[in-house]
Amino acid sequence: MSQDIRVLSVGNFGYSKSLEHILKFDSHIEYDVCRTKELTSKGKNADVIVAFSASLKAADKIIRVFNSNFVGLQTRVIFVVNHFVEGYLQFLERGAGGIVLQKNTTELVRAVQVVRNGGWYFSSDLIERIHHLIHGNLHPHKLPLTAMEMKVVQELLKDKTNQQIAEALYVSRRTVEYHIASAIQKLGVNSRVGLAVKIMQCYRPFFHGTFEENVEKLAIT
C-alpha cells in the first residue's frame, strides 16, 4: 500500500492553487498551498515543497527559509520555473530535489514521487541541457565516464528502468546493464541511486561564495 505524500505549494498563490487539479489525480498526495511568509509554520509538516519561482532571487529566498527551519527533516523542494538558468543547479546542494518547467507541470506527480523517494527529477525538456552542463563542466578525474555511460546515467536520472533506458537509447537491456555496472565501478558507488547522487555532488563548476557573487558571475539580472 502506497504511503501518502504531503505536498505544500508556495510562491505564486494563484498559480499554486491551479496545480491542485494536476496533483489530485494521485489519491496518495495530500495537497495544500501557502504564501511564502507562511512557509516556516506550514512547511515542517510537508514531505515535498513545490515552490514556484519567478527568478533566482525568489528561489534563493525560499531555500534560505527552508535551510533555516527544516534542518534534520526529510522535506525536499521542487522548483517550478518559467525559464531555466544554470544558477538553479546550486539549489540542488541546498535541499532542492528537482526542477520542473512551468510548461511541464503535468510531470509534477511523477516529480513528487521521485523526490519523495530520495531521487532527483528534472523536466523532460531540461534533461539534455542539464546533461551537457554537467558533462561539460566536469574534469575527467572527477567523473571519468564515457559518452555512452553519461547517456545511460542521464536516462537513469529520469527514474527509468533498465528496459526503459534501453528503449530510449535504442540499445539492448544487457548493454544498459553493462554501462551502469561500469559507471558504478568507476565512481566507487554501490547502486543506481548512488550514481545519481555522485553526479550531482560532482557538479560544482560555478557555485562558490555568496548567492550575489554567483548571480554576478553568471551575468543574471
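Hi everyone, this is a short walk through one protein chain, from its overall make-up to a few local spots.

A word on the ground rules before the tour. This is a predicted model, so local features need pLDDT of at least 70 and side-chain atom pairs count only at pLDDT 80 or more, while totals for chains, interfaces and linings use all residues. Numbering starts from 1 along each chain as its sequence is written, and side-chain values use heavy atoms, with hydrogens and water left out.

Let's begin with the whole chain. The protein chain has 11 helices and six strands; these are DSSP runs numbered from the N terminus, with helices being H or I of at least four residues and strands E of at least two. Of its 221 residues, 49% count as buried. For burial, I use under 20% relative accessible area as buried, over 50% as exposed, and partly exposed in between, with a 1.4 Å probe and protein chains only. The accessible surface comes to about 11300 Å², and carbon and sulfur atoms hold 49% of that; the areas come from the Shrake-Rupley method with a 1.4 Å probe, and for residues only the protein chains shown count as cover. A contact means heavy atoms within 4.5 Å. Among contacts with a separation of 6 or more, 62% are between residues 24 or more positions apart.

You'll find D47 in the loop between α3 (39-42) and β3 (48-53). Is D47 buried or exposed? D47 counts as buried, because its relative accessibility is 8%. Leaving out residues up to four places away in sequence, D47 touches D4, I5, R6, Q74, T75, R76 and R116.

R116 brings us to helix α5, which covers residues 108-116. The buried residues of α5 are L108, V109, A111, V112, V114 and V115. After α5 comes G118, with a positive phi near 95°.

Next, the aromatic rings. I pair rings of Phe, Tyr and Trp (its six-membered ring) if their centres lie within 6.5 Å; planes under 30 degrees apart are stacked, over 60 edge-to-face, and the rest tilted. How many aromatic pairs does that rule give? The count is four. Take F79 and F91: their ring centres are 5.4 Å apart and their planes sit at 45°, so this pair is tilted. It links distant parts of the chain, with F79 in strand β4 (residues 76-81) and F91 in the loop between β4 and β5 (96-101), 12 residues apart. F79 is buried, since its relative accessibility is 0%, and F91 is buried with a relative accessible area of 0%. Another pair, F84 with Y88, is stacked, at 6.4 Å centre to centre and 25° between the planes. F84 counts as buried at 3%, and Y88 is buried at 3% relative accessibility. F79, F84, Y88 and F91 form one aromatic cluster.

Axes here are lines fitted to C-alpha atoms, for helices over the stretch in contact, and angles run from 0 to 180 degrees between N-to-C directions. Angles under 35 degrees count as roughly parallel, over 145 as roughly antiparallel, 65 to 115 as roughly perpendicular, and the rest as oblique. The axes of α7 (residues 147-156) and α8 (residues 162-169) come within 10 Å and cross at roughly 125°, which means α7 is oblique to α8. On the α7 side the contact uses M148, K151, V152, E155 and L156, and on the α8 side I165, A168 and L169.

What about α8 and α9 (residues 173-187)? Their axes come within 8 Å and cross at roughly 110°, so the two are roughly perpendicular. Here N162, Q163, I165 and A166 of α8 meet R173, V176, E177 and I180 of α9. Finally, α7 and α9 pack at about 95° with axes 9 Å apart, and therefore α7 is roughly perpendicular to α9. Among the residues meeting there are M148 and V152 in α7 and V176 and I180 in α9.

One last stop, in the loop between α8 and α9, where Y170 lies. Most residues other than glycine have a negative phi. Y170 is not a glycine, yet its phi is positive, about 60°. Y170 is exposed, because its relative accessible area is 76%.
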